[in-house]
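Colleague: I am new to this structure and would like a close look at one part of it. Please take the charged side-chain pairs and go through them one by one.

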Amino acid sequence: MAQTASMLAIGDELLSGRTKDKNIAHLADVMTMAGIDLKEVRIVGDEPEEIVAAVNALRARYDYVFTSGGIGPTHDDMTADAIAAAFEAPIGYHPQAYALMAKHYEARGMEFTEARKRMARTPEGASLIDNPVSVAPGFHIGNVYVLAGVPAVFQAMLEKIVAGLPQGPVVLSAAVECPFGEGDIGGPLGEIQKRHPDVVIGSYPKFDGARYSTELVVRSRDGEALSRARSEVEAMLADLAASRST
């Protein structure tokens, strides 16, 4: 069985539209390449109770939960406290994170303020996630990985994490261009899907301003199963084209 993952993107700015999230698409790409199925993504605002509820729901259902955002130095960065509450764990300064950041700010001649110290707080029992971009680490506890929201930092942290996760077989895919609309192919395509339970056939409608068409994508971890299903899809389209030309 493939490992499963979910994501929780945190921040009022995502829901207001002020910030356009880039981390969801990146995580989806990385999980696909790692052979891990990304099954669900949620977005919540800076509300501790909502973060706690979402984290607990996701960590109970999936092998991995990745969060983004809310671990900075300001008052509205609530993720660390919410994760601690979700695990019913006390929160405090992580000794390694505190020392790392104190050294970093000292080397830059900057005061290690109370606000900056907030970024060294983790739930008790958490392990750090290295941040090669801006030093302040993420952390993980249980099956929950807590990452920064800044895309460059999120990506760097995720690279560190995925390197240590069990890799599954990669999902293979094949695209089939279809000149017909979904209404024309829905019935026979559904029958093909029933005959091939070990593949997933996705249907994505297109409209060029004049006519409808569809892109069909066949996905499977089994190359032979994918090939068989794809051949049936192509044969179905050829039959439909032939019937339209007579």
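Modeller: Glu 234 and Arg 230 form a salt bridge, with their closest N and O atoms 3.1 Å apart. The model is a predicted one. Both residues belong to helix 9 (residues 223-245), where they sit four residues apart, about one turn of the helix. Glu 234 is partly exposed, at a relative accessible area of 36%, and Arg 230 is also partly exposed, at 33%.

Glu 114 is exposed, with a relative accessible area of 53%, whereas Lys 117 is buried because its value is 15%, under the 20% limit.

The salt bridge between Lys 206 and Glu 177 spans 3.5 Å from N to O. Lys 206 lies in strand 10 (residues 200-207) and Glu 177 in strand 9 (residues 172-178), so this pair ties together parts that are 29 residues apart in sequence. Lys 206 is partly exposed at 36% relative accessible area, while Glu 177 counts as exposed at 52%.

The count of salt bridges comes to 11. Among the charged residues, Asp 12, Glu 13, Glu 47, Glu 49 and Glu 50 form a negative surface patch. Helix 1 (12-16) and helix 3 (48-61) each supply at least two residues of this patch.

Notes: Residues numbered from 1 in each chain as written. Predicted model: local features only at pLDDT ≥ 70, side-chain atom pairs only at ≥ 80, totals over all residues. Heavy atoms only, no water. Patch = residues over 30% accessible without salt bridge, like charges linked within 9 Å, V, L, I, M, F, W, Y side chains within 5 Å. Areas by Shrake-Rupley, 256 points an atom, 1.4 Å probe, with all protein chains shown as cover. Salt bridge = Lys/Arg side-chain N within 4 Å of Asp/Glu carboxyl O. Lys, Arg positive; Asp, Glu negative; His and termini not counted. Charge placed at Lys NZ, Arg CZ, Asp CG, Glu CD. Buried < 20%, exposed > 50% of the residue type's maximum accessible area, 1.4 Å probe, protein only.
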